[in-house]
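Please look through the structure shown here before reading on, with an eye to its confidence, its pockets and a few individual residues.

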Amino acid sequence: MTPPRFHSACRWAAAGVAIQLGTASLGAADPFQFWFSFFLAEIPEATPGTTQAVLVADTGGDGFNGVGDLVAGSAFFAPSLIQGGLLDGDNDLILAVITAVEMNQLQRNAVAGAPEPEILSAPPGPLIGIEQNPILFDTSQAQWSSLQTGQQVGIFWFTDGSTGPGSPYGFYRNDAVGGDGGDAPFFIPGPAAVANVIVLSDSAAFDDGGGLVAGTTPLASITANNAIVIPEPGALSLLLLALAPLMHRRNRRSR
Amino acid sequence: MLLSSCRFSIWVLIPWIAVASIAGLLAQGSEDPPPPPFPPLTFGYNQILCRAGSDTLVSPALHREPIYRGRITAVSELSLELDSPPDWEPGQLAGSHYVLYHSGPLTGAFHAVDNDQDGRIIVDTNGEELTAAPGDALSVIPYWTLATLFPEDNACIHRSTGMSLLQRRTRLMLPDLNGPGINLPPSRIFFQNEEGWFEETAGNAPAGNTPLPPDLFLWIRHRERDGDTTFLISGYVQCGPFRLQLDAPAGTKQDNALALFRPVDVRLRDLGLLTDPSVFTPSNGTSLIQRRDLILVFDNDATGINKAPAGIFYYDSAAMVWRDAANGNAEAGDAVIPAGTGLIIRRSSPDGATRFWVHPCPY
């Protein structure tokens, strides 16, 4: 699988957030509180009860820990995932740790992206996802004091529950509000807000009371980073050695 | 000017008030002792449009039928002995009822019933000294709850189709009454499905019996796809003053989420907030640094969620007018708190003392 241009995307995102932070910080000195709830389905190759996900906020405005950071050797995943802790030893703050579950309320949509869902008669297994009831965040508390309105939020998942080298992981975020009943994008909301982020893949559907409603998020965008493997330290060194000439050449060009 | 989408059957009140007035006049002409100073028990309704894709602020502006109306015969600490009380089971009223005082020093105030036994009611005054006296009139009234205000067949709430976040439709949010500071988010969030009301907590605890005090407002959040509905409440009108509690820790600003308990529009100039400057501090002018206490009002006609206040009102004591900071400091004495909604009073207090605001009866 070819990863998307995550590194460059992260750079642009970080630049955007830096601008946002610069603006927001002018009036964001006072502590504030907000609610945040989260729903994501589906997570391919996830195992209920095993796959762990973390909702993280980019409190440093420098993008999320990801493939690019790993390649550059500047980041690593924390060995344990703790709410209020840091994901990468840097500044990606863990807002919630969520265990994947079977989502029995969902059905398989045979024709992803079609306006009307068509349910598979013989679904190939349950849909797996994560769900987090609303959490109240209070930035006057020390563990949340680095949160500011406008910071990007993202979701990492670790398919086998491990964050060690060699473990597969995935990542997703979106600047837009999902079209599946959610009411907030992947950003820290403003004071007093109640933000509900929902992501539902277009290969899933659910009964909304008035009929079946299909998800609108292409599954490919959710799976884009899935099964990317956290490099072994040895492999990381080799990778860095291999990339060194390229980086040197790029630096010369930029001069 | 805030527009109101509320409709109140004020005409329902007119014959009742007329009958009560005639009865009062007749009573004055007879030799019988005057009747207890109970306000007339009048019935009305209020309705508010709840827009799709929006947060709508509503309040239980009418109360349920009292289970007791009578006088206090004795007071001891937090205990009220009542005249000829019904034969209540011990503890029957605890947490589910409140007393509303109609006369005496606590006129217009309400206290939660903490316990009851042998005709005595123990009230929770929230630290306030109980100043009620023998002879004072009161009513014992059951709280609205989520299940009684929004029963199974209500037409306001879009019922969720399950317990999952994805299946939740209308969410109902209660303001934070205890948290310190300003810009406080809701303190609790609920949803209703076919099995009843549940709170959005770990485990989704059943919440149908959650009491809704008369000075509380609620946010109703509809999803965009679910369409408009109407919040309809029918019940008894508080025909008398109503007392509201205002807090502010010393030296800091505090938001007080309040509902007026009135099913009619109330103009700012009729709020009765300015009778005591220790309750609501006027501003010395229009400048930001001169601003003191504020009234924040939300517009139910505007669509959207997590709305900012549509009106930010303060009293300009230099010009002796109400002004709206959200509208160029325009004069705003005729701006209204829409019927059956609510407001936030943002106040500061040099001494940190709790103050009580008695809203005079507007009808």
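What follows is a short account of the model, grouped by topic.

The model is predicted, and confidence therefore has to be read alongside the geometry. Chain A has a mean pLDDT of 78, with 71% of its residues at 70 or more. In chain B, which has 363 residues, buried residues make up 52%.

**Confidence in chain A**

- Among the elements of chain A, the lowest mean pLDDT, 34, belongs to helix α1 (residues 6-24) of chain A, whereas the highest, 96, belongs to strand β4 (residues 101-102) of chain A.

**Make-up of chain B**

- Two helices and 26 strands are found in chain B.
- Of the contacts in chain B with a separation of 6 or more, 72% are between residues 24 or more positions apart.

- The largest pocket has a volume of about 1000 Å³, and of the 37 residues that line the largest pocket, N126(B), L177(B), N178(B), P213(B) and D215(B) are the closest to its centre.
- Two or more residues of that lining come from each of β7 (110-117), β17 (242-246) and β18 (253-258) of chain B.
- By class, the lining of the largest pocket consists of 17 nonpolar, 11 polar and nine charged residues.
- The second largest pocket holds about 520 Å³ of space, and it is lined by 27 residues, with A192(A), L184(B), F298(B), K307(B) and I344(B) lying nearest its centre.
- The elements of chain B that give two or more residues to the lining of the second largest pocket are β15 (218-221), β18, β20 (294-297) and β25 (343-348).
- In the lining of the second largest pocket, 19 residues are nonpolar, two are polar and six are charged.

**Cysteines**

- The count of disulfides over all chains comes to zero.
- The sulfur of C50(B) and the closest cysteine sulfur, in C156(B), are 4.1 Å apart, which is too far for a bond because a disulfide needs the two sulfur atoms within 2.5 Å.
- C239(B) is likewise in no disulfide, as the nearest cysteine sulfur, that of C361(B), is 5.7 Å away.
- C50(B) is buried, with a relative accessible area of 0%, and C239(B) is also buried, with a relative accessible area of 14%.

- Leaving aside neighbours within four places in sequence, Y315(B) is in contact with L274(B), F280(B), P282(B), S283(B), M320(B), V321(B) and W322(B).
- Although Y315(B) and T286(B) are 29 residues apart along the chain, their C-alpha atoms are separated by 9.1 Å.
- T217(A) lies in the loop between β11 (212-214) and α3 (219-223) of chain A, and T217(A) is buried, with a relative accessible area of 8%.
- Beyond its neighbours within four places in sequence, T217(A) is in contact with Y172(A), D180(A), V199(A), L200(A), S201(A), D202(A) and I222(A).

Methods. Residues are numbered from 1 along each chain as its sequence is written. Chains are lettered from A and ligands numbered from 1 in the order in which they are written. This is a predicted model: local features need pLDDT of at least 70, side-chain atom pairs count only at pLDDT 80 or more; totals for chains, interfaces and linings use all residues. Side-chain values use heavy atoms; hydrogens and water are left out. Buried means under 20% relative accessible area, exposed over 50%, partly exposed in between (1.4 Å probe, protein chains only). On a 1 Å grid over the protein atoms alone, a cavity is a set of points where a 1.4 Å probe fits but cannot get out, and a pocket is an open set with protein on both sides within 12 Å along at least five of seven lines; lining residues have an atom within 4 Å of a point. Grid points are joined across faces, edges and corners, and a volume is the space filled by probe spheres set on the points. Helices (H or I, at least four residues) and strands (E, at least two) are DSSP runs, numbered from the N terminus. Ala, Val, Leu, Ile, Met, Phe, Trp, Tyr, Cys and Pro count as nonpolar, Asp, Glu, Lys and Arg as charged, and the others, Gly among them, as polar. pLDDT is the predictor's confidence in each residue, from 0 to 100. Contact means heavy atoms within 4.5 Å.
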